[in-house]
Amino acid sequence: MGFLDLLPEADSDTWSVSELTAYIRELFEMDFRLQDVAVSGEVSNYTHARSGHLYFTLKDSQAQLKCVMWRNAVARQQYLPQDGDAVVVHGRISVYDAGGVYQLYADRIIPAGRGNLAVAFEQLKQRLAAEGLFDAAHKKSLPVFPRKIGIVTSPDAAALRDILNVLRRRYPLVSVLIAPTLVQGDEAPPQIVRALQWLDGRDDVDTIIVARGGGSMEDLWAFNDERVARAIFAARHPVISGVGHETDFTIADFVADVRAPTPSAAAELAVPDVGELRPLLVARQSQLVTSIQEIVARKQDTLHNLQRALGHLNPANRLNNYRQYLDNLVVRLEKAIHSQLTQAHSRLALAAKTLHAVSPQATLARGYAIVRDENGRIVRTIHAVQPGDKLQIQVQDGRIPTIVTHNGGNTDVHPN
Amino acid sequence: MSTQIENLTFEAALQELETIITQLESGEHTLEESLALFERGQKLAAWCSQQLEQATLRIEQLTADGEIVQLS
């Protein structure tokens, strides 16, 4: 019986190499901790292949880890390591089937040494910029008249005294709420983040200053921390950074809504100057007086106009008006009477003329006469009279009384 | 009626003062209203200057116990 016979038959209990390797790869990939690791070590066997991919081994005194970084991740790296560099590599662990090895698939390589701070700074800056954390579109504007300024800084430092002095001088109307933190060392970033978040969560705070006095790049390092940067970015209240001196730029400066070159400058940017508010107030006061004076003058004009109008309605004036009206009426009355009289006169003259034309007088003048009986009735026929009747005969210039003697064909008239 | 002037912040008082000036300049109010506005404007202006002259920076600090203490 040979050795091979001792092994189980090639059935479900037997793996092919590929199957086993795939199974192991899956084990690695199912472990979420292995899918997001940061490993520190020293770089060796560093190779930057023509393809653009990066291969190296990370080692410490006891162990080594194969690492690969694909071309697209390499492209995002500002910093590229050299053999011997102390680095922190971030990525995921998986298996390279063909080589039968597990390795770290790196997406970020960060220099670990302090000497590489500038490089790490650049890298973080690039990355956050690419993410849009510095975009002007995200910058919030500062309130013109802040009510309460939250200050994230060390309580004992000169930076805080400088800020308070500036606020006292420029705008003592504001309140200040200090959230003390370390501003240096490994403990500083989480403390800064906590203080910032605490202040930002308050509704009475409307501006936040994150400040630290001058120092070396290492001293200011807490303000280059990604956590601090993200906390500043996430704040709903506007954040002013005032870190170090004029020449110092930190990541916090780039992500802040307003970057001030120093803590004092941050305070100056945060508040208006009462020195400028006083003349503004004086101007407003004189505007107020001018406008009320104009209103009073305008109302006075209106009043004068009304008084004039009222004058026309005064009873005394109305009496005078009536008087004048009455005079007018009298004149018109007289005129009317006068013309009526004249009219009457001429009508009278006309009537007289007409009357004359139709009167019997002219006929009488020609020698005719009118006979009337005792009752004044005109006698037109002989049958109207009896002998003895008294008649009146009217001639041109008077009447002749007569007595009828008889009423025959001849008329015998005797004067009596 | 309007807010007690003493309860107004500097900003709110200044803003109301500016509103009153605009209202007065529009000339759309009766004389009584205008005079009342003017009087309020005067008080607001006085309150603003008083705040500018008398304000002292109010400083509070968060302690390690999570309390807020008044420093000045």
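Trp15(A), Leu20(A), Tyr23(A), Ile24(A), Leu27(A) and Met30(A) make a nonpolar surface patch of about 610 Å², where patches consist of residues with over 30% relative accessible area and no salt bridge, like charges being joined within 9 Å and nonpolar side chains (Val, Leu, Ile, Met, Phe, Trp, Tyr) within 5 Å. This is a predicted model, in which local features need pLDDT of at least 70 and side-chain atom pairs count only at pLDDT 80 or more, while totals for chains, interfaces and linings use all residues. Residues are numbered from 1 along each chain as its sequence is written, chains are lettered from A and ligands numbered from 1 in the order in which they are written, and side-chain values use heavy atoms, with hydrogens and water left out.

**Surface patch**
- Tyr23(A), one of the patch residues, is found in helix α1 (residues 17-30) of chain A, helices (H or I, at least four residues) and strands (E, at least two) being DSSP runs numbered from the N terminus.
- Tyr23(A) counts as partly exposed at 42% relative accessibility, given that buried means under 20% relative accessible area, exposed over 50%, and partly exposed in between (1.4 Å probe, protein chains only).

**Helix α1 of chain B**
- In α1(B), the buried residues are Phe10(B), Ala13(B), Leu14(B), Leu17(B), Ile20(B), Ile21(B) and Leu24(B).
- Seen down the axis of α1(B), its buried residues fall within an arc of 120°, so they line one face of the helix; the arc is that of the directions from the helix axis to the C-beta atoms.
- The buried residues of α1(B) pack against α9 (274-313) of chain A together with α2 (31-54) of chain B, contact meaning heavy atoms within 4.5 Å.
- Just after α1(B), Gly27(B) takes a positive phi of about 65°.

**Salt bridges**
- Over all chains the count comes to 20 salt bridges, each being a side-chain nitrogen of Lys or Arg within 4 Å of a carboxyl oxygen of Asp or Glu.
- Arg230(A) pairs with Glu131(A) in a salt bridge whose closest N and O atoms are 2.7 Å apart; Arg230(A) lies in helix α6 (residues 226-234) of chain A and Glu131(A) in helix α3 (residues 117-131) of chain A, so the pair ties together parts that are 99 residues apart in sequence.
- Glu16(B) forms a salt bridge with Arg40(B), with the closest N and O atoms 2.6 Å apart, and this pair links helix α1 of chain B to helix α2 of chain B, 24 residues apart.
- Glu16(B) is partly exposed, with a relative accessible area of 21%, whereas Arg40(B) is buried, with a relative accessible area of 13%.

Conventions. Accessible areas come from the Shrake-Rupley method with a 1.4 Å probe; for residues, only the protein chains shown count as cover.
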